Amino acid sequence: MTNLTAAVLDPLLKADPMGPRITYYDDATGERIELSTVTLANWAAKTANLLRDELGAGPGTRVAVLLPAHWQTAAVLLGVWWIGAEVVMSGSADLALCTSERLDEADQAVAGGEVAVLSLDPFGKPAPDLPIGVTDYATAVRVHGDQYSAELRPGVALDGRSVDEMLAAAAGSAAASGLTAGDRVMSSLPWSTAEDVVANLLAVFVAGASLVQVANPDGASLERRRSTEKVTKDLA
């Protein structure tokens with residue numbers, strides 16, 4: 001059986017391991033973070049090890065991902081798929097990864113199950129004032145290894161969709177958007193639904209392209225950024 005993260009990352013690691021794979025901007029804070037394919041894979045592996053070893057997840061586990069379009073969210077999604085678990089964007093789940101703002105939603109989704117909160121802080125600061133029993137992702141993930149062997153018998157990948165369905169949908173979306181290997185793709189689109197994740201994240205990676213993801217975009221900065229980041233395509 002195909003492992004979704006392996007199917008996405010392995011070709012990228014062979015083609016361009018050290019080039020930029022995801023560059024994240026937040027125009028409200030001035031943040032800019034750039035990850036190579038190797039670094040993204042390391043973060044995904046650390047997340048996978050956290051999920052498996054501390055939170056007890058594996059094939060068949062439903063993992064609610066209640067996070068915005070962010071470089072850490074990309075690592076979380078790839079980590080979930082590496083262990084063969086299922087990402088769910090809404091509804092009931094066995095465990096959840098969320099921001100502090102969505103903690104109540106996560107608690108409702110897992111009904112007593114494990115919850116990990118991401119601060120999304122660019123310097124890795126922990127989320128403040130977490131309730132007892134809630135895992136702080138930034139603190140917990142850093143002690144885990146940055147290598148992972150893909151689960152060979154994964155379950156469904158995203159809201160009931162199989163790995164093969166996800167890969168086919170991502171390839172189709174990439175073709176429809178005209179994405180090709182070597183493209184530098186800029187986007188401010190969300191990853192809030194299964195369709196968003198396929199079209200606005202996976203399609204870029206499956207095409208072999210790299211992503212410039214912009215949160216809170218400042219229109220005055222976008223044209224300059226297209227030039228400095230050598231953007232070749234915009235997702236709209």
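In what order do the 5 strands of the open sheet run? Some notes from my read-through; keep in mind that this is a predicted model.

1. **The sheet.** The order is β2-β1-β9-β8-β10, and the pairing is mixed. The sheet is an open one, built from 5 strands.

2. **Its edges.** β2 (31–36) and β10 (233–234) sit at the edges. Each has a single partner strand, so one side of each has no neighbour in the sheet.

3. **The β1/β2 pair.** β1, covering residues 20–26, runs antiparallel to β2, and 6 bridges join the two. If you want a spot to start looking, Pro20 is opposite Ser36 of β2.

4. **A helix on the sheet.** Helix α7 (residues 194–206) packs on the sheet and touches β1, β8 (184–187) and β9 (210–215). The direction of α7 makes about 160° with that of β9.

5. β1 and β9 each put at least two residues into the lining of the largest pocket. β9 gives the most, with 3 residues. β9 is also one of the strands that α7 touches.

Definitions and conventions:
Residues numbered from 1 in each chain as written. Predicted model: local features only at pLDDT ≥ 70, side-chain atom pairs only at ≥ 80, totals over all residues. Heavy atoms only, no water. Pairing = 2+ DSSP bridges. Helix = DSSP H or I, 4+ residues; strand = E, 2+ residues; numbered from the N terminus. Contact = heavy atoms within 4.5 Å. Axes fitted to C-alpha atoms, helices over the stretch in contact; angles between N-to-C directions.
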